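Take a walk through this protein from one end of the chain to the other. Keep the sequence and the 3D view side by side.

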Amino acid sequence: MSTHLPTAGPNISDLRAAFLAASFTVDGLLERLGAPAYAALARSETVPALRATRRGDALDTLTRLFLLRQEAPREAVNVALPLERALADGWLRESGEGGGLLSATVDVRPYGGPDGEDWWIVSDLGCAVGGAGGINDRREDVVLGVGGASTTLAGLTIREPVGRALDVGTGSGVLALHLSGHATRVTATDLNPRALRFAELTLALSGAPAADLRQGSLYEPVAADVPYDLVVSNPPFVISPTAGRSTTGGRGVAADRLTYRDGGLPGDELCRTLVQNSVDLLAEGGYCQMLANWQHVKGEDWRDRLRTWVPRGCDAWIVQREVQDVSQYTELWLRDAGAHRSGPEEYAARYDAWLEEFERTGTEAVGFGWITLRRSGADSPAITVEEWTHPVEQPLGETVRAHFERQDFLRRNDDAALLNTRFTLADGVVQEQVGPPGAEDPEHVVLRQHRGMRRATQVDTVGAGFAGVCDGTLPAGRILDAIAQLVGEDPVQLRDRTPRAIRLLVEQGFLLPVTDS
């Protein structure tokens, strides 16, 4: 593969205009390919898309060139693009005898912004998306396009307008592109200089403001340029035997190191370092949001392990979304890197090297999830570490922001203040009653969210009655007094034992405090 990348010069606006004119956009691709073929692309399966792009118009030509790695006749490309400028700027190259066929030098994938923007993500050839097929490039500094991790973090990111935002490990620039929509100034860093070039292309092709691009590891490029209001990172979090070790695998085969995947530190040390040092970059009230992997080490509680990562003066919300045993984890990342295509003996040797490293470190499983920190300066920080593997409703940025806002409320208000507060039931909360048909009373009463985290929690009859009448008109204490009278319970005892349950319903977002504006 050529090391030369296109330029983000003044002609790039003409390229963008050609993409729009041909409907080389998310909506245009979905309409042309159909949902099954479009979904297959995300699995790195191209045959359905090839079959759907045989008519030969401009959209077909662009799709085959920039997404499917197909050559196209010069005449067809000349209809779809400003040909000479695309060649001169390095987006295309001549192939075949006489230059009658042209091919793309990079992958370009249409991508939809959160407000309906038409964006494009530029990455290495064959690396526009992930999937079971793995990447098609074995170079160490390969740059991937948008994948599930990037879109997950983009959906989690708090979208409040901010002055300064930082994307650590920007890769092809997906998150920097999102940040450009609500940050006055965006800085993006990466250890890989090729990634910074791709990020520049992604931003320019999408018509976004240029970012301040800096090369270097972790927070080093911005150490003298703080604070930031928002820091995001989809770092090279994979826990592999190549990280921090130069030895060969268990059968004498050295494992490949990939910059996008392997952070150069052993185990989950890179993620821990990012979390612990983030406080030094954040403005007061600023957020750091990242994806991470963490080890489940024999004899340790993974929750306790992650609590030690949280820096002093920061609130934290850490959610484990998935756990894989070491065999599943190894298979996932070997396939992601395309190692399954290297031959059975070499693949087995690489597999063995991963398992040997996990055995050496006592790692029984690997967790994946998201970490959000907020620099609160609180003497008693709110740290929530939980496992939630159920489906959620993306985007979750507002849900994340509201979580920390409720933590502030709970920290400020003791039980007496809590009982003087008026509450409303959050939107999308329903009550479910479980019990045998015809029974006078249900065995269980469950409150369930249909929005955001989509939590469910079991409550007793008092809790269900309390939640059901919370409409913001009466303080909690007066509602409990009325319930005590109805059920024949001492109101003082009910007031004493209920605040803990109210706090849990507030913390999990079932009840929202009403504040006087």
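The model is predicted. Begin with the annotated region at residues 21–97. The unreviewed UniProt entry labels this stretch "domain: DUF7059". Over these residues the chain is 57% helix and 8% strand.

Helix 5 spans residues 58–66. How many of its nine residues are buried? Seven are, so helix 5 is largely enclosed by the rest of the structure. The buried residues are Leu59, Asp60, Thr61, Leu62, Thr63, Leu65 and Phe66. Note that Asp60 is on that list.

Move on to residues 161–238. Here the unreviewed UniProt entry gives "domain: Methyltransferase small". The chain is 24% helix and 32% strand over this range. Its end C-alpha atoms are 31 Å apart.

Now look at the loop between strand 8 (212–215) and strand 9 (228–233). Two backbone details sit there. One is at Leu218, which is found in this loop. Its phi is near 50°, a positive value in a residue other than glycine.

Next comes Phe237. This residue is in the loop between strand 9 and helix 11 (269–277). Its relative accessibility is 7%, so Phe237 counts as buried. Which residues does Phe237 contact, leaving aside its neighbours within four places in sequence? They are Arg261, Cys271, Leu291, Ala292, Asn293, Tyr329, Trp333 and Phe368. Compare that with Leu5. Phe237 and Leu5 are 232 residues apart in sequence, and their C-alpha atoms are 26 Å apart in space.

Gln320 lies in strand 11 (residues 314–325). With a relative accessible area of 1%, Gln320 is buried. What does its side chain meet in a polar contact? The partner is the side chain of His296, at 2.9 Å.

A cis peptide bond joins Gln394 and Pro395, with omega about 0°.

Helix 15 covers residues 397–412. It packs with helix 20 (residues 499–507). How are the two helices oriented? Their axes are 9 Å apart, at an angle of about 155°. Angles over 145 degrees count as roughly antiparallel, and helix 15 and helix 20 are therefore roughly antiparallel to each other. From helix 15, the residues in this contact are His403, Arg406, Gln407, Phe409 and Leu410. From helix 20 they are Arg503, Val506 and Glu507. By class, the contact has three nonpolar, two polar and three charged residues.

Strand 16 (444–449) comes next in this tour. His444 is found in this strand. Its relative accessible area is 31%, so His444 is partly exposed. Not counting residues up to four places away in sequence, His444 touches Glu432, Gln433, Val434 and Gln458. With Gln458 there is a polar contact between side chains, at 2.9 Å. Arg422 is another matter. His444 and Arg422 are 22 residues apart in sequence, yet their C-alpha atoms are 26 Å apart in space.

The last stop is Arg454. It is in the loop between strand 16 and strand 17 (456–459). Arg454 is not a glycine, but its phi is positive, about 55°. At 33% relative accessibility, Arg454 counts as partly exposed.

Note on methods. Residues are numbered from 1 along each chain as its sequence is written. This is a predicted model: local features need pLDDT of at least 70, side-chain atom pairs count only at pLDDT 80 or more; totals for chains, interfaces and linings use all residues. Side-chain values use heavy atoms; hydrogens and water are left out. Helices (H or I, at least four residues) and strands (E, at least two) are DSSP runs, numbered from the N terminus. Buried means under 20% relative accessible area, exposed over 50%, partly exposed in between (1.4 Å probe, protein chains only). A polar contact is a pair of N or O atoms within 3.5 Å; within protein, one must be able to donate a hydrogen and the other to accept it, and residues adjacent in sequence count only if both atoms are side-chain atoms. UniProt positions are given in the numbering used here, feature names are shortened, and annotations may be inferred rather than shown by experiment. Axes are lines fitted to C-alpha atoms, for helices over the stretch in contact, and angles run from 0 to 180 degrees between N-to-C directions. Angles under 35 degrees count as roughly parallel, over 145 as roughly antiparallel, 65 to 115 as roughly perpendicular and the rest as oblique. Contact means heavy atoms within 4.5 Å. Ala, Val, Leu, Ile, Met, Phe, Trp, Tyr, Cys and Pro count as nonpolar, Asp, Glu, Lys and Arg as charged, and the others, Gly among them, as polar.
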